[in-house]
Amino acid sequence: LTFLGIESSCDDTAAAVVRSGTGAEILSSVVEGQVNLHAAFGGVVPEIAARAHVERLDFCVERAMAEAGVTFADLDGIAVTAGPGLIGGVLSGVMLAKGLSAGTGLPLVGVNHLAGHALTPRLTDGLGFPYLMLLVSGGHCQFLIVDGPEEFRRIGGTIDDAPGEAFDKIAKLLGLPQPGGPAVEAEAARGNTARFVMPRPLLDRPGCDMSFSGLKTAVLRARDGVIAQRGGLTVADRQDLCAGFQTAMAAVLQEKTRRALDVYLESDPPVPAFAIAGGVAANQPIRAALETLCHARAVRFLAPPLRLCTDNAAMIAFAGIERFRLGHHDDFTLSARPRWPLDQTAPAMIGSGK
Ligand code: ATP
Ligand code: FE
């Protein structure tokens with residue numbers, strides 16, 4: 001099966017063509033970021049994002065088809081992110097996909113953006129079910145036991161901020177560029193991890209839930225403490241604050257992953273596997289902490305390449321193929337949803353009016 005995928009739920013406009021038979025092959029993956037459009041505002045402005053998606057979607061689809069060397073006659077379906085995300089952006093993508101489906105007669109498949117992230121290790125490595133997934137991105141942080149293309153058991157997650165959001169806020173607090181993750185990671189690499197010991201929220205409580213807003217406040221206090229004492233921040237202060245923050249983040253994610261593994265391993269999976277996805281999965285020290293843990297527990301560790309960790313349309317095309325293989329697709333009543341928890345992925349929820 002060969003699918004076109006369309007993604008426009010946040011600040012990346014993306015289109016891709018994926019072919020999947022026994023293995024899966026990404027024929028093309030075009031991602032147009034918008035970081036420059038939002039830079040002046042210190043965060044994604046939904047209205048600007050939506051307009052930019054409308055302007056770029058056609059072009060991204062054209063380029064993805066050209067790079068893949070396919071025409072609509074070569075496709076078996078069109079998959080589009082139908083949520084969750086910024087509603088204006090999601091709508092732009094859904095409208096385009098409906099138009100293309102109407103014009104070509106190709107099946108339309110609405111995809112949950114989070115399912116796209118969560119199924120990525122199947123696209124990259126053909127991973128079998130069930131596996132444990134830590135989805136850790138700009139807007140989300142959750143542990144999922146993935147039992148099937150539409151079967152997700154959420155066993156814990158953040159009760160406030162997402163880690164990516166925390167990285168972005170810390171960067172803002174310290175005057176570093178957005179997106180904050182890579183900037184904070186680069187500073188932390190040169191910092192002293194022992195100088196600022198940050199709290200590790202919720203580690204004293206059982207379960208896999210996490211909290212990161214207190215960590216952000218702790219960095220703010222530490223920063224203000226240094227400024228009050230010395231009138232400003234040196235390069236070393238900034239590096240040490242980043243190192244303290246990232247170390248606490250990695251420690252929390254590692255400990256909570258340890259507990260999530262306990263829950264997952266109880267189900268006695270034939271080939272125990274743990275995968276991470278989402279933009280924060282790009283962070284090397286966090287990746288390393290989780291990989292070490294998995295090796296110690298004899299659990300296979302998978303981390304998709306960076307360009308497939310962050311938002312892209314290849315994961316949407318692939319998730320669309322997986323859904324379509326189950327016999328599921330949508331009609332023109334497919335609606336864009338700002339919120340769409342993954343453990344409610346029942347087909348009837350996709351706005352098909354059934
Ligand atoms: P969601 O998928 O939840 O809707 P999103 O699409 O904004 O959110 P992604 O594109 O998956 O999220 O990831 C972007 C986030 O990942 C940003 O918050 C960014 O700071 C963070 N990030 C990227 N690289 C790194 C890194 N090296 N270390 C830590 N965080 C990172
Ligand atoms: Fe995402």
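Student: What radius of gyration does the chain have, and why does it agree with a compact globule?

Tutor: The radius of gyration is taken over C-alpha atoms, and the globule rule is 2.2 Å times the number of residues to the power 0.38. Because the chain has 354 residues, a compact globule would come out near 20 Å, and the chain agrees with that at 21 Å.

Student: How far can I rely on the numbering and on the model, and what average pLDDT does the chain have?

Tutor: Residues are numbered from 1 along each chain as its sequence is written, while chains are lettered from A and ligands numbered from 1 in the order in which they are written. This is a predicted model, in which local features need pLDDT of at least 70, side-chain atom pairs count only at pLDDT 80 or more, and totals for chains, interfaces and linings use all residues. pLDDT is the predictor's confidence in each residue, from 0 to 100. Here 97% of the residues score at least 70, and the chain average is 93.

Student: How do the residues of the shell around ligand 1 divide, and how many are charged?

Tutor: A residue is near a molecule if its C-beta atom, placed from the backbone, lies within 6 Å of it, and 22 residues surround ligand 1, with Gly138, Gly139, Gly164, Gly181 and Gly279 the closest. In this scheme Ala, Val, Leu, Ile, Met, Phe, Trp, Tyr, Cys and Pro count as nonpolar, Asp, Glu, Lys and Arg as charged, and the others, Gly among them, as polar. The shell has six nonpolar residues and 12 polar ones, and its charged residues number four.

Student: Is Val271 buried or exposed?

Tutor: A residue is buried if 20 or more other C-beta atoms lie within 10 Å of its own, exposed if 12 or fewer, and partly exposed in between, with C-beta atoms placed from the backbone. Leaving aside neighbours within four places in sequence, Val271 is in contact with Gly128 and Arg300. Because Val271 has 11 other C-beta atoms within 10 Å, the residue is exposed.

Technical notes
Contact = placed C-beta atoms within 7 Å.
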